[in-house]
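Please look at the chain below from one end to the other, and then follow two of its residues in the report that comes after it.

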Amino acid sequence: MINLLRRMGRYITAALTGKFNEVADPKVQLEQAIQEAQDQHRRLTEQAANVIANQKQTEMRLNRAMEELEKVNGNARQAVLMADEATKQGNATKATEYTSAAESFANRLIQLESEVESLKTLSLQSAQASDQAKAAVQQNSAALQQKLAERQKLLGQLDQAKMQEQMNTAMASLSETVGEDVPTLEEVRDKIEARYAKAKGMSELTGSSVEARMLEVEQAAMNSQAQTRLAEIRAQLGLAPAETAAGEVGAGTPAAEAAPSPAAEPAAEPATEGGTPAT
């Protein structure tokens, strides 16, 4: 029973996760992933800073221990010299005191030497850990920069995908029926072509009817009457008929050139043998 409940729980979790991934906005999920990567980098940086701080503190402790070691070593040497000097002078009390002080310095010296060795080992380990932490921060920073660049690329691809989906929807709406109240482009085109064909057919029928021929005859009669009226007006004005004037202008010969010149002299008569003109 418990196993069944566990399996049902896992199944429900997987189903809800899949449904959530279907309806979730990829842009929001991408921003969440980038935010998580930035938080991880921040935590790693803080841990690396703590490691480097420990290494710096170990170095400062080692420096202080080495300084104290040198100082205690100098004091121990000075106590030994002073004890030896007091022994030479026969002052046993001071010699004993200086010797006891030298022993104390010697004991402290041994402790400091052990502490210095421990601090050297710890400092070396801290330095290695600090180097590893710096390298880890640099690698994670490079990975974060790569993710940021990848985010820009993915956002561009997401925008392109959305635009392509909208284009696909628009193209599909041109060839598919959207609804009962919204006709497709093919339906509208068929309707317009049907109206145009019907209008064209009615025009041809009207043009071939008896009424159309009667209108043409009446129009021709009116044009003839108008031409006759224009000919009368030209005659009253003393103008040539329209057909004659048009012919002369087309030939390019003026009327004055056709008549003989009044100033032309008659031809001379031929003379006879006597010098008198012939009758």
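Read from the N terminus, the elements of the chain run α-α-α-α-α-α-α, with seven helices and zero strands in total; helices (H or I, at least four residues) and strands (E, at least two) are DSSP runs, numbered from the N terminus. This is a predicted model, in which local features need pLDDT of at least 70 and side-chain atom pairs count only at pLDDT 80 or more, while totals for chains, interfaces and linings use all residues. Residues are numbered from 1 along each chain as its sequence is written, and side-chain values use heavy atoms, with hydrogens and water left out.

Of the 279 residues of the chain, 12% count as buried, a word that stands for under 20% relative accessible area (1.4 Å probe, protein chains only), with exposed meaning over 50% and partly exposed in between. Ser130 is found in helix 3, which covers residues 92-175, and Asn140 lies in helix 3 as well. Ser130 counts as buried because its relative accessibility is 2%, and Asn140 counts as buried because its value is 17%.

The table lists the contacts (heavy atoms within 4.5 Å) of these residues, not counting residues up to four places away in sequence.

| Residue | Relative accessibility | Touches |
|---|---|---|
| Ser130 | 2% | Val51, Ile52 and Gln55 |
| Asn140 | 17% | Gln40, His41 and Leu44 |

The side chains of Asn140 and His41 are also joined by a polar contact of 2.7 Å, that is, a pair of N or O atoms within 3.5 Å, where within protein one must be able to donate a hydrogen and the other to accept it, and residues adjacent in sequence count only if both atoms are side-chain atoms.
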